[in-house]
Protein chains: 2
Amino acid sequence: MKLSKKSQLCTLSPMRKFTPYAMAAEAAGKKIYKLNIGQPDIETPPEFFDAVRGFSQKVLAYANSQGTEQMLQTVVDYYKRIGVEYDKKDILITTGGSEALQILFLSIMDEGSEVIIPEPFYSNYNTFIRAAGGVIRPMPTIAEEDYNYAKPEALEALINENTRAIAIINPHNPTGNVLTEQELRAIADVAKKHDLYLICDEVYREFVYDADKSPCAGSLRDMDDNVVVIDSVSKRFSACGARIGMLISRNKALMAEALKFCQGRLCTTTLEQVGASALYSVGPEYFDKVREEYRRRRDICYRKLTAIPGVVCAKPMGAFYVMAKLPIDDADEFMKFMLTEFEDHGETVMCAPAGGFYATPGRGINEIRIAYVLKEKDLERALDLLAMGIEAYNKRK
Amino acid sequence: MKLSKKSQLCTLSPMRKFTPYAMAAEAAGKKIYKLNIGQPDIETPPEFFDAVRGFSQKVLAYANSQGTEQMLQTVVDYYKRIGVEYDKKDILITTGGSEALQILFLSIMDEGSEVIIPEPFYSNYNTFIRAAGGVIRPMPTIAEEDYNYAKPEALEALINENTRAIAIINPHNPTGNVLTEQELRAIADVAKKHDLYLICDEVYREFVYDADKSPCAGSLRDMDDNVVVIDSVSKRFSACGARIGMLISRNKALMAEALKFCQGRLCTTTLEQVGASALYSVGPEYFDKVREEYRRRRDICYRKLTAIPGVVCAKPMGAFYVMAKLPIDDADEFMKFMLTEFEDHGETVMCAPAGGFYATPGRGINEIRIAYVLKEKDLERALDLLAMGIEAYNKRK
């Protein structure tokens, strides 16, 4: 029984591959602080559940493949509020930002096509791009430079005849880097000059801590055919389980191709679109409050991390992750140790080993990604456990 | 801006490509009887909505990538009730049967790999297989033989070094063919002999009208590594909008590959899994009632269709579709005519032109697929409109 080459080139998710160890530890009574996955403990706005409970149709029918009229209009109105003009036909509602990326790459990649992505990057890009037959061409960035990737020459040097797109995540998962308008423009100019798609994953748009806002690539109106925006309600409204995302572009030919895949899978969940649409009715005070909460968590996280001897990290400017280089030999081994051997008063901490966030072999081996998605007190305790764990791990060797 | 070759080999869905015409007709006040899509008017069991309304967690969090424990156990219990032993680890909960097929083909197909599929077939297989770089090798079947495809020699003749799987839909969409146990065994033996996957799409399992039941491929215990079952709540419980499906196999290596794609897209909707799990609490009387309803509709549909001069069709044995060869030149043109020009007292009917259900060029051009998903009275009226429409269309020429 043959398996596909492309699936064999994929790996289990670094955020999820240790789940079996975590489940075993929990079954044995251990408490685990989970910083491995971007699952916030922030409450989902009750507007979601109210809307879902109010659904009164007797038949839970398919929605339109593009998305419900209501959801599409909600997205148009949201973008209008942030100053970006989109039309309903520029939008496809997808099963999370994940499906938006899958459909996008299926629509633009052939066997061997390349996408340039600043590294480290959200590891599931590897799966989505491999599934479409493509390859990631990584652009290395480093903590010492705040993971900055707004370097037109470095990007340009990676372009070859197989390059189809430059993909950026802004604000960035996992580094927390946030582009200025000028930086976005500089990267965009490279894509424009070489006739490449500029894929901007902006699912963390509202979460910036040291700037007014994160620029939206949809405002680059001289590049309507190049720009593709990926969006989602998952992080914005702490509604990860709703699986509602968006593929957004004014490139008509691209959207026509993408619609084929949307029709193939019929539609996105009807009821979740009802709930997701209601989420957008929350006012700016919601984001102010959540942003403030994440800012405090970021500060704690950064302070506690940099206090651990030998840890290297850059202060994140946005999103809710921080990358950290640890004074250990192997983050996979370390994480296994933390879940199977280590404990302090019956507690431990789980992070994502960062090897999977890199495409360059050997990079990220002693790094982890921390999602600061827990309450301050829990976060403090989790980082204390991390510090204790590093010491115990190194003593053990 | 390049588009992918594989997306260009895909087409819009024959069930959905005329939606823009339908929307325009409806906007102009026309009533359309929609037989184009398998969207039943049967009410979704209220257990679904009750469970969803009872969801009391404050954070709508990600589920496990494999599916929630509750949903996995529900599926195990359901299969046990129909006499098939599966374990939770043999099951992945997916976003509809559609995603189960997508993930399966990504896991087993390379560029140029082939899947043998009896033709006509559910058209979206084309999109799923193309997306994975594969090709459909059709096995033609005909109305005059009740679309029977249990022909081991004919199947065997299509096998070559690129063949990875035989995929069957049982009960069959769009033909309504239902396999006997002996027929399933005969097909399975071909897959076994040639070490191929046997993909059995059994989403219409409960809907058989002239036999006791439709055999489940999961009971072929000498072929644990070959058999993959695709399942879904969409049709079974008239819950199409829930997008809950299942990829089921005892082949551990396959399931390990499939899990990579499941982890890549994080999870299936949390809330819909809560609702879908509750669906399985309905008793056998639910299926008896629904089956009887569809049986009546099937009978009406077949009677009215065969009364139209020049129509060729086979009486469906299961599912809720019937293929019909019409005395017209081109079903695409005919459908456009029905939506844009034809009307009787402000009403018309919409079916799916069947060209997209065939992979052999030229086949299906004057055929349509009818989904008998409307109440008897509506179905009668819809088929009268079809008869009138055929006459009007041919007079117009």
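The buried residues of α6(A) are Asn124(A), Tyr125(A), Asn126(A), Thr127(A), Phe128(A), Ile129(A), Arg130(A) and Ala131(A); a residue counts as buried if 20 or more other C-beta atoms, placed from the backbone, lie within 10 Å of its own, as exposed if 12 or fewer do, and as partly exposed in between. The model is predicted: local features require pLDDT of at least 70 and side-chain atom pairs count only at pLDDT 80 or more, whereas totals for chains, interfaces and linings use all residues. Residues are numbered from 1 along each chain as its sequence is written, and chains are lettered from A and ligands numbered from 1 in the order in which they are written.

Because eight of the eight residues of α6(A) are buried, this helix is largely enclosed by the rest of the structure. Helices (H or I, at least four residues) and strands (E, at least two) are DSSP runs numbered from the N terminus. Just after α6(A), Gly133(A) adopts a positive phi of about 85°. In chain B, helix α6 (residues 124-131) is mostly covered, with eight of its eight residues buried.

Within chain A, α6(A) packs against α5(A) at an angle of about 35°, and the two axes are 8 Å apart. Axes are lines fitted to C-alpha atoms, for helices over the stretch in contact, and angles run from 0 to 180 degrees between N-to-C directions. The residues of the contact comprise five nonpolar, three polar and no charged; Ala, Val, Leu, Ile, Met, Phe, Trp, Tyr, Cys and Pro count as nonpolar, Asp, Glu, Lys and Arg as charged, and the others, Gly among them, as polar.

Chain A is assigned domain 1 (5-43 + 285-396) and domain 2 (46-279), with bounds from an automatic or database domain assignment. Taken over C-alpha atoms, the centres of domain 1 and domain 2 of chain A are separated by 25 Å. Their contact takes 36 residues from domain 1 and 35 residues from domain 2. On the domain 1 side, α11 (284-306) and β9 (321-325) of chain A are the elements that give two or more residues, and α11(A) gives the most, with five residues. This side has 21 nonpolar, seven polar and eight charged residues.

Between the chains, the contact takes 69 residues from chain A and 69 residues from chain B. The elements giving two or more residues to the chain A side are α1 (5-8), α3 (46-53), α5 (96-108), α6 (124-131), α9 (252-264) and α10 (270-279). Of these, α9(A) gives the most, with eight residues. By class, the chain A side has 27 nonpolar, 23 polar and 19 charged residues.

Chain A is superposed on chain B by a rotation of 180° with 0.0 Å of shift along its axis (RMSD 0.0 Å), and the two copies are thus related as by a two-fold rotation axis. The superposition is by least squares on the C-alpha atoms of residues with pLDDT of at least 70 in both copies. In chain A, the C-alpha of Arg53(A) is the nearest to the axis, 2.6 Å from it. Since 100% of the interface residues of chain A are also interface residues in chain B, the copies meet through the same surface.

Notes. Two residues are in contact if their C-beta atoms, placed from the backbone, lie within 7 Å.
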